[in-house]
Amino acid sequence: MAPRVLVSDALSPTAVEIFRKNGIEVDYEPSLGKDKKKLLSVIGQYDGLAIRSATKVTEKLIQAATNLKVVGRAGIGVDNVDIPAASRRGIIVMNTPFGNSITTAEHAIALLFAVARQIPEANASTHAGKWEKNRFMGVEVTGKTLGIIGCGNIGSIVATRGIGLKMKVVAYDPFLSEERAEELGVEKVELDELLARSDFITLHTPLTDKTRHIINAQTIAKMKDGVRIINCARGELIVEADLVEALKSGKVAGAGIDVFAEEPATNSGFFGLPNVVCTPHLGASTTEAQENVALQIAEQMSDYLTKGAVTNAINMPSITAEEAPRLKPFVKLAEVLGAFVGQINDEPIEEIEILFDGSTATMNTRALVSAALAGLIRPQVSDVNMVSAPVMVKERGIIVSEVKRDKSGVFDGYIKLTVKTKSKTRSIAGTCFSDGKPRFIQIKGINLDAEVGEHMLYTTNADTPGIIGLLGTICAKHNINIANFQLGRDRPGGNAIALLYLDEAVPQAFIDEVLATGKIISAKPLRFDVSA
Ligand SMILES: NC(=O)c1ccc[n+]([C@@H]2O[C@H](COP(=O)([O-])OP(=O)(O)OC[C@H]3O[C@@H](n4cnc5c(N)ncnc54)[C@H](O)[C@@H]3O)[C@@H](O)[C@H]2O)c1
Ligand SMILES: O=C(O)CC[C@@H](O)C(=O)O
């Protein structure tokens, strides 16, 4: 059955064409995002949800979205999506991080000029037949200092435009390297210095716990008198009441506000202030940007729903359409390795190390780590996947480390999982042969070569004669067919293991009987998802 996607905000119709071209059924309901009740009642039918900013993807919506696999944001900010809730449910959230950057940067520059020269007010007055030449005295931007808070994609473009306008550009961004700052021609400074030196301040950070209310009465007090502030990022970066106060007092000479703490903003302290230029979240609203983001999100969502390729996901490592087929058997391998340890383990896990040897070290190991964690945690939480597993592992306080190394043995490449609990360290390694099927090649440091089947039995014993006969006899007694029987030991007479691939699951009576012989130390029935 073709995957189904709902477009619940006003995306360019290009998105619909692309979904259809990719064999996806699509319902285009551009105002549904505003109708929470109706959206809630239909969301369960869809595999994908394509949105802009009007649709709020809340935990409640996610709970009702029983088939949802991907949320695609045609734009950058994903603060209208409850990402932890989506991750817990294994739903990928993707955005289009570059499609509207230029457009938004241009809007910031447009607002900067509009504020500097009071263009909207002058326009209204002129249209009204007044000729108030003396009322509108502006300021030049040439030679002025532009302070950029958040110098990522959009902030960097604003910086280059500012430099083109002969402004002196300073930037505050803890993640901006000195090299990048130099390359852009901006001076990297601390926040207080930016506040003290800037004639214009423009905001370009995402909304996070650290950036929320970054502009408030205290930070405004540190600014130059007569500063002008532009916000094309998110409304909640500013304590709006504090800025309104400063605009009224003249401490802040003007503001260009594209985004509001509450949107749609129908009532705001900014409204009616003559020194404020407002636009209704138009930063991304150009034909070019809307085409870009619609096209990109529809391609990305289609690639994920039809080929398993992951691009620009917020909560999952990327997997390109080209690498998806090569990676697929190794994703399965990582999952079954995780599932092996997850099933034999009976204590809380403290640490997990995932070693990538040889060719596997050159693959997309972040995706493989996610797959191993999903396999590991699935025995406890059945509906976990590669998106939700890392979140769940983190929530449980488990330390995960990844090691890569050059080819070290006979295999072109293999993956080894080592899991530490309070009392034990367990390890298992596996590889994929050219048939694309996973094989276990080492358990507890003991070499073997075991095909992975849906039903398996793992036993440990002291290396003594008679174990094959013993297990074979009990299988025969329970009428359970053995597809494959693998043995291994660390040394003659030492620790030995057996891994049986069976045609069906063993009942508890079987395990009791095996243990009652006194020759088997432990016996664990295992189950693996071996579907392609
Ligand atoms: N008005 C609009 O229509 C519109 C359009 C596009 C994007 N946006 C908003 O603009 C924001 C920025 O977009 P972008 O593409 O430049 O994102 P980006 O991720 O490329 O850049 C954000 C920058 O902010 C920096 N940052 C993070 N925390 C910070 C902090 N505490 N202090 C200072 N800097 C910090 C990051 O290091 C990064 O360099 C988006 O998150 C979105 O909310 C608005
Ligand atoms: O969709 C829009 O119009 C706004 C998009 C913008 O806020 C973004 O974060 O990309």
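Predicted model: local features only at pLDDT ≥ 70, side-chain atom pairs only at ≥ 80, totals over all residues.
**A walk through the fold**

Residues are numbered from 1 along each chain as its sequence is written, and chains are lettered from A and ligands numbered from 1 in the order in which they are written.

Show the C-alpha trace and line up its principal axes: the spans are about 105 × 45 × 35 Å. Switch to cartoon and you have 17 helices and 22 strands (DSSP runs numbered from the N terminus: H or I of at least four residues for helices, E of at least two for strands).

Next, select Ala 15, Ala 50, Ala 372 and Ile 415. Within the largest nonpolar core, which has 104 residues, these touch the most other members. Such a core is a set of buried Ala, Val, Leu, Ile, Met, Phe, Trp, Tyr and Cys residues joined through C-beta atoms within 7 Å; buried means 20 or more other C-beta atoms within 10 Å of the residue's own, with C-beta atoms placed from the backbone.

Now pick helix α13 (residues 323–344), the top contributor to this core with 10 residues.

Finally, jump to Ile 157, Val 170, Tyr 172 and Ala 246: they are among the 50 residues of another core, lying apart from that one.

Conventions
Buried ≥ 20, exposed ≤ 12 C-beta atoms within 10 Å, placed from the backbone.
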